[in-house]
Amino acid sequence: MVTAFIPVRGGSKSIPLKNIRPFLGKPLVWWNLRALEDCPGVDRVVVATDSDEIEAAVREAGFSKPVIYRRSADNASDTASTESVMLEYIAAASLPEDEVFMLVQATSPLTRTEDFEGGLRLLREGGYDSVLSCVRSKRFFWNPDGTSANYDWRHRPRRQEFPGDLMENGAFYIQTVGGIFREGNRLGGRIGLYEMPSYTAFEIDEPDDWTIMEGLMRRHMPSRAARVRLFLSDVDGTLTDGGMYYGESGEEMKKFNTRDGMGFALLREKGILTGIVTSEDTALVSRRAAKLKLDFLVQGKAFGSKLEAVRALCREKGIALEEVAYIGDDINCIDLLQAVGFAACPADAMPAVKALPGIYVSPLSGGQGCVRDFIARILGD
């Protein structure tokens, strides 16, 4: 049995409610929850918190593995150690001594599923008592007394020939429950080092770290295309140019783009469900949805917000919100865009929509093929 343990307090002073602050459009803790959900070697994910807001955000994520542990007030204070809350939970849950316990830090969102798997494999196969994650630093360090700490300055090595030093990156620490009790520490005995990519050296502790880490995530984050199980689109201003056209006899018309139709067909070939979510309720849109052979059509305001409608749809089909892609253009789309795993908007969307963290802004406008462009991005075309 392997338990991943994520301690997340609500009382961070440098960045209030840091652990659920949006990071590329998702709560910070979401990124580790996602990676651990996909990790076959992890059986259970325990989120230890003192915060109602954090608990709600974790439950809202819709993952199957996480459970909430309400840590004591003493172990949620500024002076409490991480070890103290680890030991509190282990005692409360009466975990067996041979259970593997992996401490995971929410402030390291760049940790991948394969990193967690690699750390667990190193513990099993390397004969270690505990394992920690690290990165290789090829910086030259000096002591306060003016002596070099890790190289001979008289014979300065070239970077490619310099082995560097291994530095903790704080992503995870692994040990058995029995080892944690004996040592009173996340590490003990013979320690193995699991080396991660150099870009994972950063942790989020201060506001400036946020900007750096989001940039690194954008560059190194693997494609989420394989996780998209449901693709949804708004209509007016997205599938259309937002114009309202009327014929001689007063009939309403809308201008759609045939390339968007091809995009829906390509999604269908990949087994991805498709649909429309719109506040309007017209026969015209119903006919367009039927022609496109969409799986779902949600029209009108009887469902409340678009997010409420999609939540109900996801519950019915057993789909998590992070497995949903959605493209919309106006403020009534914002709550849904913030909740899904892959969000996009047309080039001419409202400024508040284009400003959402992590959203993909298509170079194409509504009705000009922006949906097809978003689909191509998802499919990697």
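Leaving aside its neighbours within four places in sequence, with which residues is Leu36 in contact? This note on a predicted model takes up that question within a set of numbered points.

1. Overall features. The protein has twelve helices and 17 strands. Its C-alpha trace spans about 85 × 55 × 40 Å along the principal axes. Of the 381 residues, 52% are buried. The accessible surface is about 17,900 Å², and carbon and sulfur atoms account for 49% of that area. When contacts between residues at least 6 apart in sequence are considered, 64% join residues at least 24 apart.

2. The largest nonpolar core. This core contains 46 residues, and the members that touch the most others are Ile6, Phe23, Leu36, Val42, Met102 and Phe172. Helix 1 (residues 28-37) supplies the largest share of the core, with seven residues. The opening question is answered as follows: beyond its neighbours within four places in sequence, Leu36 is in contact with Ala4, Ile6, Val42, Val45, Lys65, Met102, Val104 and Phe116. A second, separate core comprises 26 residues, including Leu232, Val324, Val340 and Leu356.

3. Helix 4. The end C-alpha atoms of helix 4 (residues 113-125) are 18 Å apart, which agrees with the 18 Å that its 13 residues should span at 1.5 Å a residue. Thr113, Asp115, Phe116, Glu117, Gly118, Gly119, Leu120 and Leu123 are the buried residues of this helix. Those buried residues pack against helix 1 and against strand 1 (2-7), strand 6 (100-104), strand 7 (130-137), strand 8 (165-176) and strand 9. Just after the helix, Gly127 adopts a positive phi of about 70°.

4. Gln105. This residue is found in the loop between strand 6 and helix 4. Gln105 is buried because its relative accessible area, 16%, falls under the 20% limit. Apart from neighbours within four places in sequence, Gln105 is in contact with Asn32, Gly170, Ala171, Tyr173, Arg186 and Glu203.

5. Met213. Helix 6 (residues 207-220) contains Met213, which is buried at a relative accessible area of 1%. Not counting residues up to four places away in sequence, Met213 touches Phe23, Thr107, Pro109, Leu110, Phe202 and Ile204. Among these, Phe23 is also one of the residues that touch the most other members of the largest nonpolar core. The C-alpha atoms of Met213 and Leu239 are separated by 34 Å, although the two residues are 26 residues apart along the chain.

6. Salt bridge between Asp52 and Arg70. The count of salt bridges comes to 15. In one of them, the side chains of Asp52 and Arg70 meet at 3.1 Å, N to O. The pair links distant parts of the chain, with Asp52 in helix 2 (residues 52-61) and Arg70 in strand 5 (residues 66-70), 18 residues apart. Asp52 is exposed, at 54% relative accessibility, while Arg70 is partly exposed, at 37%. Asp52 and Arg70 also belong to a network of salt bridges that includes Glu55 and Arg59.

7. Salt bridge between Lys306 and Asp234. Which parts of the chain does this pair tie together? The side chains meet at 3.1 Å, N to O. Lys306 lies in helix 9 (residues 306-317), and Asp234 is in the loop between strand 10 (230-233) and strand 11 (245-246), so the bridge joins parts that are 72 residues apart in sequence. Lys306 is buried, with a relative accessible area of 3%, and Asp234 is likewise buried, at 6%.

8. Salt bridge between Glu316 and Lys317. In this pair the closest N and O atoms are 3.8 Å apart. Glu316 is exposed, with a relative accessible area of 59%, whereas Lys317 is partly exposed, at 39%.

9. Ile191 is located in strand 9 (residues 191-195). Is Ile191 buried, exposed or partly exposed? At 38% relative accessibility, Ile191 counts as partly exposed. Strand 9 is also one of the elements against which the buried residues of helix 4 pack.

Definitions and conventions: Residues numbered from 1 in each chain as written. Predicted model: local features only at pLDDT ≥ 70, side-chain atom pairs only at ≥ 80, totals over all residues. Heavy atoms only, no water. Helix = DSSP H or I, 4+ residues; strand = E, 2+ residues; numbered from the N terminus. Buried < 20%, exposed > 50% of the residue type's maximum accessible area, 1.4 Å probe, protein only. Core = buried A, V, L, I, M, F, W, Y, C linked by side-chain atoms within 4.5 Å. Contact = heavy atoms within 4.5 Å. Expected span 1.5 Å × (residues − 1). Salt bridge = Lys/Arg side-chain N within 4 Å of Asp/Glu carboxyl O. Areas by Shrake-Rupley, 256 points an atom, 1.4 Å probe, with all protein chains shown as cover.
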